[in-house]
Protein chains: 2
Amino acid sequence: MNSEKYSNLYKKEKLKIDAKLKKILSTRKPHSLYEPGHYILEGEGKRLRPILVLFSAKAVGGKFSQAYNAALSVEMMHNFTLVHDDIMDNADKRRGRLTLHKKYDVSTAILVGDSLLSIAYEYLLKDAKSERSHKIIDTFNDGLIKVCEGQSLDKEFELKKVVTLSEYLVMIKKKTAALAEMCCRIGALIGNGSDEEIEVLANFGSKIGIAFQIQDDLLDIAGTEAELGKVIGGDLVEGKKTFLFLKALEKANSNQKKKLNRVIINKGIKHSEIDEYKKLYEKLGVITDAQKEIVKYSKSAIKGLEKLTNVEDKEIFTWLANSLIKRNK
Amino acid sequence: MNSEKYSNLYKKEKLKIDAKLKKILSTRKPHSLYEPGHYILEGEGKRLRPILVLFSAKAVGGKFSQAYNAALSVEMMHNFTLVHDDIMDNADKRRGRLTLHKKYDVSTAILVGDSLLSIAYEYLLKDAKSERSHKIIDTFNDGLIKVCEGQSLDKEFELKKVVTLSEYLVMIKKKTAALAEMCCRIGALIGNGSDEEIEVLANFGSKIGIAFQIQDDLLDIAGTEAELGKVIGGDLVEGKKTFLFLKALEKANSNQKKKLNRVIINKGIKHSEIDEYKKLYEKLGVITDAQKEIVKYSKSAIKGLEKLTNVEDKEIFTWLANSLIKRNK
């Protein structure tokens, strides 16, 4: 497989998306709304969601040029969720920069999120053929509703004493995987894909979305500070019920359970305790479990691609899945 | 004109809308998201915006039954703006009940607002003929973007020392009138109206929206506490730059200007000073000015209706415009 070619394609398209995102709000008024909006859109991001739209459009025989506006749309929607989630999580930093509500204020951040979502809807249908508009809008709405529901479950879990691994999976399917699935569906719809092609790509998006989220949970404890750009073990410090934490609870003996339950009861641990908990994770084998789970979902994503006819498209998505599980940030 | 008939029609349709709104979220999950959403939708409201959708659909030859879902959609969108605005304004009460972020918390209110908007989009196109879906979505997006921009200008004005009356009008055209205009357009689009009919109704919505907002400003000082259900003079206490305040500034002599500028400098006045400022408003004649302005926009709204062919439809909208400017709450 020509990984370098696909990697270069990703980089090239990412740069295009970056450049287009910088233009969207630059001439809009009032400044008080769109300058902070611009601040968010010019921040660094993987641009994975718009790339899924572009690659999916191409995989069903469409062209990138048909799908840029929809790609920008999903990235704006994603940024809307980040801005509002950061308020809810009281996060100070995002992608190495101050979060919007810290740089400005909560009111501005709420309103900027709202306006990003409305402009996302504006861009969504710019290039859609009218007979597909309805389906594209329905897909986008469905993704948005699931993201809201997933975020609500996530906030609920913060307060719940007991969360099971299967409840966690329901949550990330809504909060993370639904959006990746939506991106693939929208790209395939815009590229005029058949119903079967749409389902194949939707399955890819959903599976890769789950793998992506578990990878996020894994990197938080198994990554390096230099690469991640943030402190290792942050999820434990915040008392988050991640895949690794819930898996550890499942496997723990009664003494280990007591130790893990302290994270819940105290709503997080001290920085000085991170190493101790990391060692417990290693002892219980949940780092390996997470790696296996990521590979499982990733393989399942790739397996579904067999139904795509074009070899290069299969390769692009396979490369994408593999590079996502190899990522270190 | 048969005012009683139209008044009964409004009441009857309002009750239907109320009942439908109560059902929308009742079976959705998670409870943590939709129970607070339900709390907002079951609150009392005039339901003016859904009524504009229904009446507009009928005025172009459509049926109410085609327009209920779109009517619910605009009411959900309106409630989305209320929930988020109440956070930004730090408001404690709305329609005599605790605001959402006071009853629950800010995170819940942000997320409930977001989910109401996404469900509003879901409902918008339920009954739309596919060839009109694109236009309906564009109209909805346009209204939503203007509302965000209007709210941003409103927040901007809070910090600005000098705001002119014409800047104020630009703001309320976006923040209030754009939504009423949008409702009329959407109703007319769903009812399959001609381009001319759509513009006639859009003009009605926009003009009546401006009259409605100035009426809100007027009632705040000239209404009665018993009817309004809140303290008279609240806008002065909060230092809001309303139509009456800005008109007073325009007409004031230098001594009166000093007095008015104290409202801006001190970001509001004391409750004990309200009477004094009300007397100044009366002396400067701005209460009469506001009344005249409301009548001017209302007449302009009604005048445009001449182009409608059906007598009863003209009468319904004329009755609606008149009853809105006669309202005391």
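Is Lys267(A) buried or exposed, going by its C-beta neighbours inside 10 Å? It has 12 of them, so Lys267(A) counts as exposed. Keep in mind that this is a predicted model. Lys267(A) is found in the loop between helix H13 (254–265) and H14 of chain A. Its phi is near 50°, which is a positive value in a residue other than glycine.

There is a second case in chain A. Asn90(A), which is not glycine, also has a positive phi, near 50°. This one lies in the loop between helix H4 (64–88) and strand S1 (93–94). Asn90(A) is exposed, with 11 other C-beta atoms within 10 Å.

While we are on loops, let me turn to the prolines. In chain A, Lys29(A) and Pro30(A) are joined by a cis peptide bond, with omega at about 5°. Pro30(A) has its place in the loop between helix H1 (3–24) and helix H2 (31–41). In chain B, a cis peptide bond joins Lys29(B) and Pro30(B), and omega there is about 10°. Pro30(B) is found in the loop between helix H1 (3–24) and H2 of chain B.

Next, how the two chains are related.

Now the contact itself. It takes 31 residues from chain A and 31 residues from chain B. On the chain B side, the elements that give two or more residues are helix H2 (31–41), helix H4 (64–88), helix H6 (106–124) and helix H7 (130–159). Which of them gives the largest share? That is H7(B), with 15 residues. Sorted by class, the side of chain B that touches chain A has 14 nonpolar, 11 polar and 6 charged residues.

From the interface I move to the core. The largest nonpolar core has 201 residues. Those with the most contacts inside it are Val53(A), Ala120(A), Ile186(A), Val53(B), Ala120(B) and Ile186(B). Take Val53(B) as an example. Leaving aside its neighbours within four places in sequence, Val53(B) is in contact with Ala67(B), Ala70(B), Ala71(B), Val74(B), Cys183(B), Ile186(B) and Gly187(B). As background, nonpolar side chains tend to be buried together in soluble globular proteins.

The last stop is one helix, H15 of chain A, residues 286–303. At 1.5 Å a residue, its 18 residues should span 26 Å, and the end C-alpha atoms are 25 Å apart, which agrees.

Which residues of H15(A) are buried? They are Val286(A), Ala290(A), Glu293(A), Ile294(A), Tyr297(A), Ser298(A) and Ala301(A). These cover an arc of only 125° around the axis, which puts them on the same side of H15(A). The general rule behind this spacing is that an α-helix has 3.6 residues a turn, so residues three or four places apart point the same way.

What do the buried residues of H15(A) pack against? Their partners are helix H9 (195–222), helix H12 (243–251), helix H14 (274–284) and helix H16 (311–326) of chain A. On the other side of H15(A), the exposed residues are Thr288(A), Lys292(A), Val295(A) and Lys303(A).

Note on methods:
Residues numbered from 1 in each chain as written. Chains lettered and ligands numbered in written order. Predicted model: local features only at pLDDT ≥ 70, side-chain atom pairs only at ≥ 80, totals over all residues. Contact = placed C-beta atoms within 7 Å. Helix = DSSP H or I, 4+ residues; strand = E, 2+ residues; numbered from the N terminus. Nonpolar A, V, L, I, M, F, W, Y, C, P; charged D, E, K, R; others polar. Expected span 1.5 Å × (residues − 1). Buried ≥ 20, exposed ≤ 12 C-beta atoms within 10 Å, placed from the backbone. Arc of directions from axis to C-beta. Core = buried A, V, L, I, M, F, W, Y, C linked by C-beta atoms within 7 Å.
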